[in-house]
Amino acid sequence: MTMEPCVYNVPMALDSQTFRTHGLEPALAMARGRAHIEDARRYTLGPMPVAAFMDTFMRATSSDKGNLLSSKNAFDAVPERADSAAGVYEPLFLALNKSTKHKSRCPGFTFDQAVARSTRPSRLGYTKPHICCFTPENLKLVEQADKVARVELAYAELIVQVTADPSLDYFIDPDTGSNDGDLAAHDFARNVSNDQTRQKEITRAFGLHLSFATEIFARQHRLHLFTVSLAGSLARFFRWDRSGCIVTRAFDIRENPDLLAEFFWRYSRLTNAERGYDLTVRTASPGEEDLFRDAIKDYVQVQLDAPGGELKDALPIHYQPGHVVVIPVWSQRSESKDTPQYFLVSRPVVSPLTLDGRCTRGYWSVDMATRRVCFLKDTWRTFARPGLEGETLQNLNELGVRNVPSLAIHGDVCSTDDPEGSAQDTQTDQFVDESWARRIGGRDVIVSRRRHYRLVTHTVGYGLKDLRGTEELLHATYDAFVGCPSHTIQQAMQDALAKDKRLHRDLSVGNIILVKEPGRTVRRGYLIDWDASIRIDKKGEALREGRAGTWTFMSIRMLSFNHAEYKHTIQDDMESLLYVVLYCALLYLPHRFAVQNITALFKKFFDECQDFGTTIYGGVGKDANAAGRMWTRRVNFGSPALQEWLDTVMNYHSPLIHDREKYEGMWEPDKLDAFWSNFLETHELERDNRTVNKLSMVSHYDPDSPPTDPPTPPSPSPIPYVAFSSSSSPSSDLSPDEGPERKRSRLDYAQPARPRSPAPARGSRAAAPLTNVPLRRSQRIRDQQNKSQAAAAAATAAPAAGPSSSRQRGATSARSRGRGRGRGPGPGRGRSRK
């Protein structure tokens, strides 16, 4: 069978401060797994009958099974249960790789125990899948790679994850023959809340499966993915796409070996497109790669005005040698879908770190026709939402709205394997109403149809997190609010409001970029990501009720319990912009605030969330600060001007009791504009006082991680974190905490992450006495947790302000995320879902 080529081993975004893969910190693997599980409960459909699953997604194009190995007694060596996962996956691996001269389990593919190449196999952040399926050519590339690299996930066709016992399966099927009432009441997620030990094992195992699936999507250009799980000898098939996941009913591979054998044979008969690859992407030629490298290098030089050494460090953020690809973008306006524009890209600045949702990749790209550097956004839009982001930008550009990106081209992605060029859509949403779809966590599963979409703009810059100092922070955020420091040029926010009757609704750190332009000593701020924007009515309110935007920066009103009754206004956007400035000031500018205190502030002020029934709400910390500056009054910023700006704008927003008469009615766009523009004209601001402030992530470490793993084998020579490769030398990003560190920095607590109700805090334990014997890793983590909690408690002894309610239930988290849709924050994720 002739296969269209597909692209493997996609570079992931790097943290610009540490030059390590962004969002995959090993110490936070358990927290990420819990966050993935919380999401999966919302988007997983099952249990689908096994035969229906294969007939729907893996239809055989041929009945010729001459090269298929017999399934009789094929998996008898796999035990019903074992003492460890290895007791299951080792005999399974041997059974899957069994072959004769002309027959095999999965013709054209081979299986490998990837977990054996883990440097720390018993630690969640370092381990690899139990079994991976590869093409023979790709397996050779994997075997040549350093063990610290994670190329297995960059080349895997599918994975098999194993638990030792059927009772450790995250899902539980309804009994065969159940009546309609029992089926309606059945919960597909296993409930073992009365057995904490087993609950922890199940969470670790399923969270790891989800994490691997997420990383495969991030390291490959994929539309969907198949995986397999085994709990003892009970197997399930999974199909993942950007709407969610479909899971089959469990079956025993000892009793029904033909089902597992049939699955892998059918998989071997699928085309690359049917196996889930995006065939619109192709590898660039050497000449095309040279064009990309030179154009990006010149643009980085202009944007950073960088000397040679700094330029050498900055280039790998956007370019990895041997990993340049060509991506087509079709115009939404064009009736003909056979003439796309082509763009060269390499390493994204944003990688998708969630399984469902928009799952955006963002690249600095080069237009192959004009050789101009552009920004390419590859995302999955909600199909039912009216209006496309590109159409919004086009309209804003035509109306002359300032400081918004200049649109180049946009359109839905067409399937190359379809002669009619149909769009690439998700399929999970098509099965929501099937009779076999059960509730999870007591709630019906609801997923939405998504469509693959690409957008290119001529506006390219660096994120606000890369700000150089106080001057750039206040000027760039003012640019997002007021086009430039002059009363004659209107603002991006208000200009859009006045000319297009539109609110942005997602003012966040990730949605303001810094662009160096001729004639300006300070980089200009541009307000990007207008896909959450909405038109307003005559009252200046959004046309629809409800919240939108990034949880961390949402206004108090839109975070409230009754948010569904409220309509977004310009004042909500203004409040979000205030929180953007405060957030950046706390993380990237000098102040005298201990790490424990700033961590507590972030947890209670930015990320606090609570839930009651199906309603998730927050804002208690922000409300307490508005009433009495409970959190910010203790912060002493190193810049007196910044301190003055924050104090004044917080009084505009929510004046303290003794200042209410003075600031009454000041929280209006024109009043804030007048103050801010005058402030920038009359104050000298620090240009280069950037200081990265660390936040403690200890509370999210896994205290049960075994302490006995062998150390990482020493490399024969130091290797850079970015493992550059050529076409004959495979590479993939190293595990985030392995390899020599180029610059020490905080763990990126501030990375946008999906909001969710986090797991309850672990109980306190007394610290072990100091001895000459090294502490177990888990004990060291508990000791650090106790110290951090004690220091934070001392610093925040004042009682939390805000209304008390019997509806409130404890739920705090560690991280914010982009694009919340009414869910609280959760640790360890990258771009958001919408």
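Let us start at a cysteine: Cys414 is buried, at a relative accessible area of 6%. Here buried means under 20% relative accessible area, exposed means over 50%, and partly exposed lies in between (1.4 Å probe, protein chains only). Before going on, please keep in mind that this is a predicted model, in which local features need pLDDT of at least 70 and side-chain atom pairs count only at pLDDT 80 or more, while totals for chains, interfaces and linings use all residues. Residues are numbered from 1 along each chain as its sequence is written, and side-chain values use heavy atoms, with hydrogens and water left out.

Staying with the cysteines, Cys106 is buried as well, with a relative accessible area of 1%. The closest cysteine sulfur to that of Cys106 belongs to Cys133, at 4.6 Å, which is too far for a bond. A disulfide is a covalent bond between the sulfur atoms of two cysteines. The rule used here asks for a pair of cysteine sulfur atoms within 2.5 Å, and by this rule the count comes to zero disulfides.

Cys133 leads us to strand β3, residues 131-134. Helices (H or I, at least four residues) and strands (E, at least two) are DSSP runs, numbered from the N terminus. From β3, Ile131 and Cys133 point one way, Cys132 and Phe134 point the other way, and all are buried. Strands count as paired if DSSP finds at least two bridges between them. Strand β2 (residues 110-112) runs antiparallel to β3 and is joined to it by three bridges, with Phe111 having Cys133 as its bridge partner. Strand β4 (residues 158-163) also pairs with β3 in the antiparallel sense, over three bridges, and here Cys132 stands opposite Ile159.

Next come two open sheets. In one of them, seven strands follow the order β9-β10-β11-β12-β13-β15-β14, with antiparallel pairing. At its edges stand β9 (282-283) and β14 (407-412); each has a single partner strand, so one side of each is left without a neighbour in the sheet. Within this sheet, five bridges join β10 (residues 325-329) to β11 (residues 341-345), and Val326 has Leu344 as its bridge partner in β11. Helix α9 (residues 286-304) lies across β9, β10, β11, β12 (361-367) and β13 (373-382), running at about 105 degrees to β12. Such axes are lines fitted to C-alpha atoms, for helices over the stretch in contact, and angles run from 0 to 180 degrees between N-to-C directions.

The other open sheet has three strands in the order β16-β18-β19, again with antiparallel pairing. Its edge strands, β16 (462-463) and β19 (524-527), each pair on one side only. Strand β18 (residues 512-515) meets β19 over four bridges, and one of the residue pairs is Ile512 with Leu527.

Now for two helix pairs. The axes of α1 (residues 29-43) and α7 come within 8 Å and cross at roughly 85 degrees, which makes α1 roughly perpendicular to α7. Angles under 35 degrees count as roughly parallel, over 145 as roughly antiparallel, 65 to 115 as roughly perpendicular and the rest as oblique. Helices α2 (residues 50-57) and α8 (residues 257-269) pack at about 10 degrees, with their axes 11 Å apart, and are therefore roughly parallel to each other. Their contact (heavy atoms within 4.5 Å) is made by Val50, Phe53, Met54 and Asp55 of α2 and Leu259, Glu262, Phe263 and Arg266 of α8. These residues divide into five nonpolar, no polar and three charged. In that scheme Ala, Val, Leu, Ile, Met, Phe, Trp, Tyr, Cys and Pro count as nonpolar, Asp, Glu, Lys and Arg as charged, and the others, Gly among them, as polar.

Finally, two loop residues are worth a visit. Leu223 sits in the loop between α7 (196-219) and β5 (224-231) and counts as buried, at 17% relative accessibility. Leaving aside neighbours within four places in sequence, the contacts of Leu223 include Phe217, Trp240, Tyr277, Trp380 and His452. Leu223 and Thr426 are 203 residues apart in sequence, yet 7.8 Å apart in space, C-alpha to C-alpha. Arg254, in the loop between β8 (251-252) and α8, is partly exposed, with a relative accessible area of 30%.
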